[in-house]
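My notes follow, in the order I made them.

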Amino acid sequence: MPKLKKASLNVSHNLLFILTPIIIGFGLILIVVLLEIYSGYKQLNENIESYQEHIKIRMKDEVTSVVAISEFYYNQNKDSLSDEEIIIGIKNILETINSSDIGYFFATDYSGNVITGPGYGINQLEVEDKNGLKIVQELIKLSQNGGGYLEYYLPDIDGLEQAPKISYVLPFKPYGWYIGAGVLMSEIDTMTQAYKQEIINESIRIIIAISLSIIFIMLFLTVINRRFYKQMEKEVICIKLFSETQKLNLLNLIPVNLNIKN
């Protein structure tokens, strides 16, 4: 009986020895998954803000490049072409260059006459958006102060949807214009959502990979446990048989000893 009790204690001890690392490991993996979700969510918000800022910087860089090209064209031709010919050349440049992120470029003089872009050939100085903001006048102010961003609603011209937009303008000093480009806020939202979905998909892939690893480890440990328990069952049976045999031998020996004493 003492050996049987000891065997049972050994089984319990070995069972505890196997299950403890499994439970701890599962807990640690669960913590890792939760931290990954939290980290992914935090990074997502940071990256969205960074991405939106990236679009604004990209817009500024594109406009800066186009203005530099226009100024170079002007300087190269100012002594050989008339102003009218140079203006036609710059218009062609602005209408030819197109950015996949930003779209078209526009230009307007400081009197409000559209050189190229929506509303071409019309004076837009008094045009307002639906909130009463005089868009062209604000863009002129920004340009005269060195350039900058303006958020507004598209005016109802050329059949354009009155949607929120952000534009960046820079001065074109030779002719007193501003040159700019803009992006609809809905386009930024669309690009942001696409980027957000990309981050979410990556997080899901990581979580799935971790989950599959957990399943594999649990299956592996289950197989080991089954083999271990089968072996332990055999050992317990052997101990029981040995104990019963010893008990029988002891009972058989007692009468013999008594006869000797008699």
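I started with the word contact, which I take to mean heavy atoms within 4.5 Å. This is a predicted model, and I kept to its rules: local features need pLDDT of at least 70, side-chain atom pairs count only at pLDDT 80 or more, and totals for chains, interfaces and linings use all residues.

**Confidence**

I checked pLDDT, the predictor's confidence in each residue on a scale from 0 to 100. The chain averages 77, and 58% of the residues score at least 70. Over residues 3-9 the pLDDT is below 50, and this stretch has 6 contacts beyond near neighbours in sequence. A reminder to myself: where pLDDT is low, the predicted coordinates should not be read in detail.

**Layout**

I counted secondary structure as DSSP runs numbered from the N terminus, with helices (H or I) of at least four residues and strands (E) of at least two. The chain has 4 helices and 5 strands, and along the sequence they follow the pattern α-α-β-β-α-β-β-β-α. Among contacts with a separation of 6 or more, 56% come from residues 24 or more positions apart.

For burial I used relative accessible area: buried is under 20%, exposed is over 50%, and partly exposed lies in between (1.4 Å probe, protein chains only). Of the 262 residues, 31% count as buried.

**Cores**

Next I looked for nonpolar cores, meaning sets of buried Ala, Val, Leu, Ile, Met, Phe, Trp, Tyr and Cys residues joined through side-chain atoms within 4.5 Å. The largest has 22 residues, and those with the most contacts inside it are Val 63, Ile 90, Leu 94, Phe 172, Tyr 175, Trp 177 and Ile 179. Two or more residues each come from helix 1 (2-77), helix 2 (83-96), strand 1 (105-109), strand 4 (164-172) and strand 5 (177-184). Helix 1 gives the most, with 6 residues.

I then followed Val 63: leaving out residues up to four places away in sequence, it touches Phe 105, Tyr 168, Leu 170, Ile 179, Gly 180 and Ala 181. Another core, of 12 residues, lies apart from the largest one and includes Phe 106, Val 136, Ile 140 and Tyr 178.

Is Ser 70 buried or exposed? Ser 70 has 0% relative accessibility, so I noted it as buried. It belongs to helix 1 and, beyond four places in sequence, touches Ile 90, Leu 94, Phe 172 and Ile 179.

Ser 143 is in helix 3 (residues 135-144) and is buried because its relative accessibility is 2%.

**Rings**

Last came the aromatic pairs: rings of Phe, Tyr and Trp (its six-membered ring) with centres within 6.5 Å, called stacked if the planes are under 30 degrees apart, edge-to-face if over 60 and tilted otherwise. My search of the whole structure gave 6 of them. Phe 172 and Tyr 175 have ring centres 6.1 Å apart and planes at 50°, so I logged that pair as tilted. Both Phe 172 and Tyr 175 are buried. Ring pairs link Tyr 74, Phe 172, Tyr 175 and Trp 177 into a cluster.

Technical notes:
Residues are numbered from 1 along each chain as its sequence is written. Side-chain values use heavy atoms; hydrogens and water are left out.
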